[in-house]
Amino acid sequence: MSQEPTASERANTWLLSRLGPLAGTRFLMPDGTTRIGRAPDNDVVVDDADSNTVSLHHVEICRGTGSCSVRDLGSTNGTWIHGERITEAEVSPPAIIQLGRSGPEFALVLADAAPAGLDRTIETSASAMTPIPAGAVLPITAHEKLLSAAVNYARRMRARGVGGQTMTIMRSVIVQTLRQTHHRFRIIRYSLLAALLAVSSVAIWRITSLEREKRAIDAHIQRLEAELQASGGGKNIDPLLAQLSDYQNQAEALRQDVLFRLSGGYEGGDFVTRQLHSVMAEFGAEVYSIPPEFIERVNHYIQQDQGADRPLITRALNQAGGQLETMRRILQEQKLPADLAYIPLVESALAAGQPSAAGAVGPWQFTVTTARAFGLRVDGRVDERKDLVPSTLAACKYLRDLILDFGAGSSVMLALAAYNSGTAKVKEAVSRTVRDPIKQRNFWYLYRVRALPLETREYVPKVFAAILIGRDPRHFGF
């Protein structure tokens, strides 16, 4: 006689939203990886005014046999499981996963894979959410399974580059539902089908129109970027910059369209470009079009880190990995972007060594004057520039002063520039080139007109190369 299967063998794994904008919503966990974040290309999209703790690509959950692995994707506010912050962990239902220390919560739960009837439904609400006991099994309906299967299939088709499948999948799901419904409801169901197909046709036409409009705008932006790069930042480029700004504003307005976001047309470019947009969004310096020259320089320094500087970067990421985590934690506690912890990879590679030509010492490469200005003790007996925690706290004070000094918008980018050469030097170089005080605080304007010192123009993409490698070392071969 065969043994009755256990609850875990009968059950599917579901992701249940407990807190946040999706509270009460369930997502079937397919085999493989499920990614959660604010960007529309995630499997579970958390995009709401209350979701400011969620990164564009925050966390991924890989479903295995009897358990799941959870991996934080370098998020700004971290991933927490049962109140503890994790980088990667093995979990099993009913684990509680939180995006940020006080952000949206998701619970891994089991749901009955073989419901008794086809007309049963489950209604949940945020007020009804309570901790789920271990081994709990929640019933689901056959219709929910059909819709979940359709969504998963559509995602797989899109990932393989096969388009135009939405209507086919929709018709397939509805036909299966009709076959399982009593005869007397078929007239109503067919009426709903006709209405649904009509609405879907309009939506598909609108999406096609938006995508065509985006391609046209992108073509104009690429042409203007090429002209700006060819100009070498010379005089009389303001008309080109004004046209570029207009097209970028049109593209940003287009990107906010709900149908356009649902179509998957939100992101573009290669991996490095997408990651640059992600980091800049978290820095509050996001722009629709990053200058091609900037992307080229970031790629140049990534290749340099993978080549000549590989031993230094490998040591910093591996042997000194604990130091990086300490600096990220301190930056977060000081309400600064955690990714600024990768500045020392460029400054010192976290390696003890001789002072620089300017007398700078320690992971953050402070001169004696700057160190003392921000509270570090430097004398014949003690040099706190070499001490990781005090020097990182001093760096936080310095970076905060730079960000406040340059104002809002792209202030983090200008703060990076000033960290390299000092506030006075940056302002002096800018004031010689640009008279408009608003433009003097726009990093991308200053970069395109080459108002920044050459060393600073190279320093910022070098830091971003280190940030991208630090966020995803395995992608870059570390």
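Mentor: Helices (H or I, at least four residues) and strands (E, at least two) are DSSP runs, numbered from the N terminus. This is a predicted model, in which local features need pLDDT of at least 70 and side-chain atom pairs count only at pLDDT 80 or more, while totals for chains, interfaces and linings use all residues. Residues are numbered from 1 along each chain as its sequence is written, and side-chain values use heavy atoms, with hydrogens and water left out.

Trainee: How many helices and strands does the secondary structure of the protein come to?

Mentor: The protein has 17 helices and 12 strands. Buried means under 20% relative accessible area, exposed over 50%, and partly exposed in between (1.4 Å probe, protein chains only). Of the 478 residues, 45% are buried.

Trainee: Which residues of helix α15 are buried?

Mentor: In α15, which spans residues 423-433, the buried residues are T423, V426, A429 and V430. Viewed down the axis of α15, they fall within an arc of 145 degrees, so they line one face of the helix; the arc is that of the directions from the helix axis to the C-beta atoms. A424 and R432, on the other side of α15, are exposed. Contact means heavy atoms within 4.5 Å, and the cover over the buried residues of α15 includes α13 (388-406), α14 (411-421) and α16 (443-448).

Trainee: At what angle do the axes of α7 and α17 cross?

Mentor: Axes are lines fitted to C-alpha atoms, for helices over the stretch in contact, and angles run from 0 to 180 degrees between N-to-C directions. The axes of α7 (residues 271-283) and α17 (residues 454-471) cross at roughly 100 degrees and come within 11 Å. Residues of α7, including V272 and F283, meet F464, I467, L468 and R471 in α17.

Trainee: Is each of them buried or exposed?

Mentor: H82 is exposed, with a relative accessible area of 55%, whereas A349 is buried, at 5% relative accessibility.
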